[in-house]
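The sequence and structure come first.

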Amino acid sequence: MAAVTSLGETPLAGAAARRPQGMQRRRRRRLNAFRYVVFTLFGLFVAAPLLAMLRFSLEGTKLGTWSLTAWKQIVSYPGLAGAVALTLELAVITSIVMVVLLLPTMIWIKLRVQWMSRAFEFLCLLPLTIPAIALVVGLAPVYNRIQHYSLSALQLFWVYVVLALPYAYRALSSGLDAIDATTLAEAARSLGASWFTVMFRVIAPNMWQAILNALLLTGALVLGEFTIAYLLLYNTLQPALYSISRNTPNAGVVFSTSMASLLFAFALLTILSYAGRQRRRG
Amino acid sequence: MTVAASTGAGARPVRAGRLPRLPAWLGTLPFLGYVGVFLLWPTGILVVDAFKNPSGSWNFGSLSTLYSPAVRGYFIGSFKLCVLSAVAGAVFGALVAYAVASGKPDGVVRRLSVAASGVLAQFGGVTLAFAFQALIGPAGLLFHAGWYYNFPWGITLIYTYFQIPLMVLVFLPAIDGLKVQWREASESLGSSTWQFWRHIGGPLLAPAFFGSLLLLFANALSAFATIQAWENQIAYTVPQQIGTALSSEVGLANVNAADVLAFGMIVMVAIVMTGYALLQRRAARWLR
Amino acid sequence: MRSPYRFTLMGVAALALAAAGCSSGSSSTSSGGVNWATVTSASSAGGMSKLVAAAKKEGTLNVIALPPTWANYGTIIKTFTTKYGIKVDSALPDGTSQQEVDTIKQKNGTAAAPDVVDVGVSVALANTSLFAPYKVSTWSAIPAAQKAPDARWYNDYGGYMAVGYSSKFGTITSLNQLLGPKFKNAVALNGNPTAANAALNGVMMANLAVGGTAASISKGVSFFHDLKAKGNFSPVSATGATIKSGSTPVVFNWDYLNLPSYVGVSNWKVFIPSNAVLGGYYAQAVNKNAPHPAAARLWEEFLYSQAATGGQNLWLQGGARPVEQVAMTGNGTIDKAAAAKLPPVAGTPLFLTQGQNTSAANYLAANWAKAVG
């Protein structure tokens with residue numbers, strides 16, 4: 001996708017250079033104007049509800065005043081702190097299990113079992129076709145079996161991995177496609193590497209950014225998941241916020257917690273997109 | 001030695017202590033097992049139970065409830081909402097994606113936009129509904145939109161909020177695939193911007209665009225949390241009715257009815273996603 | 001230099017984390033010879049003191065779907081904990097009755113299963129197989145019509161469906177006033193009538209007030225259809241937050257949920273139509289496989305105790321009518337001040353039968369969305 005731009009440039013470049021510069025500049029100016037307008041409008045549209053949420057999170061007990069109570073309540077509100085901790089743990093577990101499950105399988109399929117890649121892609125994208133609200137209906141019996149062996153709401157990670165499959169798959173496959181995995185693998189094998197070494201010491205390190213992306217997309221999904229937790233009667237972050245909003249007159253803590261989780265996810269994604277960049281060689 | 005072994009000439013590996021050669025596809029078993037248990041099995045359960053009565057006996061006519069006026073209403077409601085939010089999200093999202101793609105590939109703007117889209121595409125549910133209620137609800141900061149609680153307009157606006165970022169994420173690779181040289185070539189032959197898009201850019205991007213639109217449709221169809229938090233006195237859409245069928249305390253809780261609705265929903269989404277897959281394949285031919 | 005085993009370690013760590021989440025809970029304990037799960041009354045197992053001792057030994061009680069501001073449950077839970085030192089684990093405060101029994105089924109056999117439930121009568125009737133028979137000491141004070149003969153469930157508290165409204169509307173004396181222009185976007189229910197008991201009874205109350213009968217809820221649905229046509233029906237489900245912010249100044253809800261103190265709005269008034277006194281009681285039941293059977297039974301004893309700080313009076317202080325109200329008024333144990341604060345009720349109360357409930361629900365399932373959508 002990093003297009004091979006050297007081809008064909010020479011004969012055209014001369015023609016382009018002779019072209020009146022005005023045309024390029026005009027197009028560039030129009031394009032820039034377009035970009036400014038689009039980004040401004042989009043930025044406003046995105047920011048407006050967030051700002052409203054921020055304002056409500058700083059609302060005092062009387063409408064119109066300012067107060068930091070809602071933010072302080074994130075840790076002190078009964079039931080909320082537990083739900084937050086639970087959801088964060090779930091996010092970590094789900095992300096790790098996702099990558100541990102998906103990455104070796106993807107590399108393995110790409111290198112050794114290519115005929116399965118179509119079917120594999122289908123399976124990974126299948127959760128988009130079987131949405132959470134439909135899946136949860138058939139999920140209760142499966143979960144009842146699991147619950148006989150455990151109690152913890154952390155067991156939700158089993159189904160969260162499935163929910164996040166399409167997103168993680170997309171992230172990892174774009175990373176895998178960007179490197180020439182087959183050549184790397186053949187080179188490593190010809191130097192005597194085992195398959196394990198090929199996968200985890202050669203291919204995976206070249207995909208660091210994609211792996212981090214997959215981890216974070218999965219984490220973001222878990223932080224925002226409501227349907228399955230709510231209908232399977234668990235008390236993670238989103239059902240807790242829903243419950244608080246229905247039972248409490250001053251629901252400022254709903255807004256402050258949502259803002260906090262949004263900022264958290266956004267900060268992580270931004271930082272890691274920069275960190276990943278530095279690691280890439282050449 | 002190892003090269004010969006890896007090319008599968010039939011000779012056993014020279015290295016001692018290694019496992020005997022098993023078929024390579026066995027390496028995918030953990031994944032297949034996992035998906036089998038947590039995706040395929042629940043789906044199987046719900047498909048089978050859709051044809052059963054609460055008492056457990058078979059009821060092959062249960063799908064006929066999908067034709068009843070009430071259920072038809074839910075599907076029509078879902079359809080309206082999904083079409084509106086998918087089209088709005090696709091059109092505006094494509095514009096934003098183009099604006100992002102035409103900047104520096106490694107620049108701050110692109111980086112931030114992609115990160116923001118990644119987060120916002122997941123930002124739905126309870127918190128988004130409240131954010132919009134804070135903005136244009138009855139006690140809204142900006143103004144009180146009288147249509148905020150009208151179906152489908154208010155909820156379409158909310159859905160568009162996460163549809164646009166999703167469109168950006170899904171459509172950006174396609175725009176990236178539009179090679180610079182094509183634009184330059186058409187320019188050098190004297191075409192205007194409009195002509196370029198009409199004859200080259202448009203047709204090339206069309207499969208990816210419509211594919212992404214279908215993906216947005218499926219995404220809106222599945223959404224439950226957002227509309228549940230938006231209002232919960234009337235069930236307009238299929239997901240809301242599934243929620244009611246699972247948790248109603250007035251005697252209308254009926255898991256089998258929920259199964260039937262879920263089954264209908266899966267069929268609808270499957271059709272849409274097949275269209276998406278076909279269009280993606282077409283798009284990939286030109287834009288890989 | 002990367003260790004080749006780093007990823008193996010990562011995998012093991014992930015598995016360890018997953019395993020940590022799989023910590024199994026403690027199984028239920030039975031105390032000193034008595035299997036409290038089969039006890040049908042305190043006296044048959046050695047009296048209240050034995051029950052209290054056994055419950056204290058269990059140490060925890062699992063309750064479900066008890067919002068703290070609903071009928072004073074917050075205070076009830078606190079009083080119970082202070083009195084007996086038993087920790088109360090309150091799950092899913094926002095749950096519906098159906099979700100309560102679903103949780104019993106889902107968590108059956110685990111230490112997180114609900115010990116006791118407080119459900120609507122129709123849900124109780126449909127799920128008696130999940131409950132254990134238990135007669136509280138004040139069993140005889142519960143009217144015969146309000147308990148199951150086999151003691152698997154029994155009414156606990158109830159109220160009448162009322163219209164709560166902000167006094168800025170003046171005084172409401174008839175439901176037809178709600179169709180007037182000053183009630184734009186103002187009238188709300190508490191949930192979806194096809195899903196929530198309170199909402200269904202709200203529609204039924206309107207039905208009775210405009211001339212309908214308990215057998216057919218169609219007039220009630222038409223009334224809300226008219227409300228919607230005039231733009232007066234607020235699709236916002238009434239919650240504490242919406243009432244406080246003024247989004248839903250008129251609310252159909254149980255009278256104990258329409259108290260000014262509960263609602264947090266000082267100028268809140270309550271209206272019960274004289275021709276539509278629709279009563280609804282909830283029901284207590286003990287989980288047959290409760291993980292803490294002694295604590296569960298002690299909880300029931302507490303809730304039905306007629307003491308000044310017992311459950312019945314605490315419910316009364318929450319604006320709900322305790323099921324033993326008649327008996328307690330007779331023997332003087334009732335909290336007279338709290339009883340005086342209850343909204344006045346003129347007219348004969350009506351309670352829906354199971355059949356009427358079902359036909360109303362079915363009618364709503366087919367027509368509600370169409371009528372107000």
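**Interface of chain B and chain A**

Across the interface of chain B and chain A, 0 salt bridges are found. The model is predicted.

- The contact draws on 88 residues of chain B and 89 residues of chain A.
- Between chain B and chain A, 9 residue pairs are in polar contact, with both residues at pLDDT 80 or more.
- Helix α2 (residues 29–49) of chain B supplies 14 residues, the largest share of the side of chain B that touches chain A.
- By residue class, the side of chain B that touches chain A holds 57 nonpolar, 20 polar and 11 charged residues.

**Fold of chain B**

- Chain B contains 11 helices and 0 strands.
- Along the sequence, the pattern of chain B reads α-α-α-α-α-α-α-α-α-α-α.
- Chain B has a radius of gyration of 25 Å, well over the 19 Å that the globule rule gives for 288 residues, so chain B is more spread out than a compact globule.
- The C-alpha trace of chain B spans about 70 × 60 × 30 Å along its principal axes.
- In chain B, 55% of the 288 residues count as buried.
- Of the contacts in chain B between residues at least 6 apart in sequence, 70% join residues at least 24 apart.

**B:R285**

- B:R285 belongs to helix α11 (residues 255–287) of chain B.
- With a relative accessible area of 62%, B:R285 is over the 50% cut-off and therefore exposed.
- B:R285 and B:L95 are 190 residues apart along the chain, and their C-alpha atoms are separated by 23 Å.

**Salt bridges**

Side chains of opposite charge can pair when their charged atoms come close. Over all chains, the whole structure has 6 salt bridges. Three of these pairs are described below, by chain.

*Chain B, B:R110 and B:D176*

- A salt bridge joins the side chains of B:R110 and B:D176, at 2.7 Å from N to O.
- This pair links distant parts of the chain, with B:R110 in helix α4 (residues 108–120) of chain B and B:D176 in helix α6 (residues 153–176) of chain B, 66 residues apart.
- B:R110 counts as buried because its relative accessibility is 16%, under the 20% cut-off.
- B:D176 is partly exposed, at a relative accessible area of 27%.

*Chain B, B:E187 and B:R183*

- The side chains of B:E187 and B:R183 form a salt bridge at 3.9 Å from N to O.
- Both B:E187 and B:R183 lie in helix α7 (residues 180–188) of chain B, 4 residues apart, about one turn of the helix.
- B:E187 is buried, with a relative accessible area of 7%.
- B:R183 also counts as buried, at 9% relative accessibility.

*Chain C, C:D255 and C:R321*

- In chain C, the side chains of C:D255 and C:R321 meet in a salt bridge at 3.0 Å from N to O.
- C:D255 sits in the loop between β7 (250–254) and α9 (260–263) of chain C, while C:R321 is in strand β10 (residues 321–322) of chain C, so that the pair links distant parts of the chain, 66 residues apart.
- Both C:D255 and C:R321 are buried.

How values were computed:
Residues are numbered from 1 along each chain as its sequence is written. Chains are lettered from A and ligands numbered from 1 in the order in which they are written. Side-chain values use heavy atoms; hydrogens and water are left out. Contact means heavy atoms within 4.5 Å. A salt bridge is a side-chain nitrogen of Lys or Arg within 4 Å of a carboxyl oxygen of Asp or Glu. A polar contact is a pair of N or O atoms within 3.5 Å; within protein, one must be able to donate a hydrogen and the other to accept it, and residues adjacent in sequence count only if both atoms are side-chain atoms. Helices (H or I, at least four residues) and strands (E, at least two) are DSSP runs, numbered from the N terminus. Ala, Val, Leu, Ile, Met, Phe, Trp, Tyr, Cys and Pro count as nonpolar, Asp, Glu, Lys and Arg as charged, and the others, Gly among them, as polar. The radius of gyration is taken over C-alpha atoms; the globule rule is 2.2 Å times the number of residues to the power 0.38. Buried means under 20% relative accessible area, exposed over 50%, partly exposed in between (1.4 Å probe, protein chains only).
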